Amino acid sequence: MSNVTVIGVQWGDEGKGKIVDWLASRAEVVVRFQGGHNAGHTLVVGENIYKLSLLPSGIVSGKLCIIGNGVVVDPHALLAEIARVEDQGLKVTPDILRIAENAPLILPVHVALDCAREAARGTRQIGTTGRGIGPAYEDKVARRAIRLCDLAERKTLEWKLDELLLHHNTLLAGLGASTFEKEKLLSCLLETAPKILPFMAQTWDILENVNKRGKRILFEGAQAVMLDVDHGTYPFVTSSNTVAANAGVGAGLSPKSIGFVLGIVKAYCTRVGKGPFPTELFDDIGRGLGERGHEFGTVTGRSRRCGWFDAILARYAVRVGGIDGLALTKLDVLDGLDEIKVCVGYECDGQTIDRLPSAPAAQERVRPVYETLEGWKETTHGIQRWDDLPMQAIHYVRRLEELIGVPIILLSTGADRQDTILKQDPFETSLS
Ligand code: IMP
């Protein structure tokens, strides 16, 4: 039996939450290994719509959920999210949610710095979610982060806050933003501590035991390969590694335990925030994709930029992301189009190339080379059997497989759990 790691292929918002929720019924544990509450996962279960940011998507099916050490945790945002889903009838107790004791915290100073820096960038903004993600990861690497376990030690908390504020207040003042008082932050953290500490655990140990017992672990990635801090469209990326290789690090498990890597890819492309997007559409087709696909950010409500499928980026993401197979989502959004374009190369400075250059200026200069495929008139919405898809839709999926180089083993044809076509179970797939 294999574990499964789910990661996004494009710029996020591929519909990972739905696929993770769907796969969670087959797993014992669901673990988040990177990112924070910049993620927004929407799960539709019958009449209920759950919007999750930090809670692993397994929470909806009552699975043991783990927030790993690779995640940056805003304790206030997490408690608010728990209260929100409990209002919807879910129970989130320490029996089903465990948070790594070594997870770094996001504090209000991080949010303030994230926003102040974005404002100072003017037209060169990254378009962050303003959740403090980048500054929190910076503090982790700089070895001054306050981690969950520090909430249990007042003395440690005090000197760590001194160190943190020395750094952050200097920066905030330099940017003309308000600075923070230690006493206020301290009392806020001491008030939160008893609410969050009951969830704290040595999560690496729990996961290793699950693994040893031969039970399945589902690793839930957030964001996507093109937002990876090393491999994405830098600097327009998030501040963590979103590739599958980070699942072991961010959960505290061996890299050998990540199992089958399932990449989630949308049948077209979207991007929220700034940065290069070679196949972006500025016409009625792009607007139509946005409307039919309800392309508004779950976290910030911003409208997402839309464009044709980019097979060059998908093939690259499969290679650097370590992806074994794909789940194709939102196929139904393409219903009714006369023709569908797929990017199969780029033109840059008079040359045809088969990969995105690394330099941001060159990334902005590339122009897509398209292949045109026939569209379909029938609706694919809610189809649950491969054979029921229109012939042109089957052709589209087959062509994407050829261009990307790995099989599409799962298709999503609507937001509900049942709107899914399973061609191959990733948990049952042996890895060569
Ligand atoms: P940050 O992660 O808030 O620092 O934002 C950095 C970039 O990643 C921005 O372009 C965000 O819009 C993008 N981003 C972060 N999280 C997500 C996500 O879950 N879905 C889509 N884009 C995201």
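Me: Is T279 buried or exposed?
Reply: In this predicted model, local features need pLDDT of at least 70 and side-chain atom pairs count only at pLDDT 80 or more, while totals for chains, interfaces and linings use all residues. Residues are numbered from 1 along each chain as its sequence is written, and side-chain values use heavy atoms, leaving out hydrogens and water. Buried means under 20% relative accessible area, exposed over 50% and partly exposed in between (1.4 Å probe, protein chains only). T279 has a relative accessible area of 0%, so T279 is buried.

Me: Which residue's backbone oxygen does the side chain of T279 reach?
Reply: T279 sits in the loop between β10 (269-271) and α9 (284-292), where helices (H or I, at least four residues) and strands (E, at least two) are DSSP runs numbered from the N terminus. Leaving aside residues up to four places away in sequence, T279 touches, among others, G307, F309 and Y370, contact meaning heavy atoms within 4.5 Å. At 2.7 Å, the backbone oxygen reached by this side chain belongs to W308.

Me: How are α3 and α5 oriented to each other?
Reply: Helix α3 (residues 108-121) and helix α5 (residues 154-174) have axes 10 Å apart and pack at an angle of about 25°, with axes fitted to C-alpha atoms over the stretch in contact and angles running from 0 to 180 degrees between N-to-C directions. Angles under 35 degrees count as roughly parallel, over 145 as roughly antiparallel, 65 to 115 as roughly perpendicular and the rest as oblique. The two helices, α3 and α5, are therefore roughly parallel.

Me: How many nonpolar residues are there in the contact of α3 with α5?
Reply: From α3 come V109, H110, A112, L113 and A116, which meet L164, L165, H168, L171 and L172 of α5. Ala, Val, Leu, Ile, Met, Phe, Trp, Tyr, Cys and Pro count as nonpolar, Asp, Glu, Lys and Arg as charged, and the others, Gly among them, as polar. This contact has no charged and 2 polar residues, and its nonpolar residues number 8.

Me: Which helices are included in what covers the buried residues of α4?
Reply: In helix α4 (residues 133-141), the buried residues are I133, G134, P135, A136, Y137 and D139. What covers them includes α3 and α5.

Me: What is the orientation of α2 to α6?
Reply: Helix α2 (residues 75-87) packs with helix α6 (residues 182-196) at an angle of about 45°, their axes being 10 Å apart. That angle makes α2, relative to α6, oblique.

Key
A polar contact is a pair of N or O atoms within 3.5 Å; within protein, one must be able to donate a hydrogen and the other to accept it, and residues adjacent in sequence count only if both atoms are side-chain atoms.
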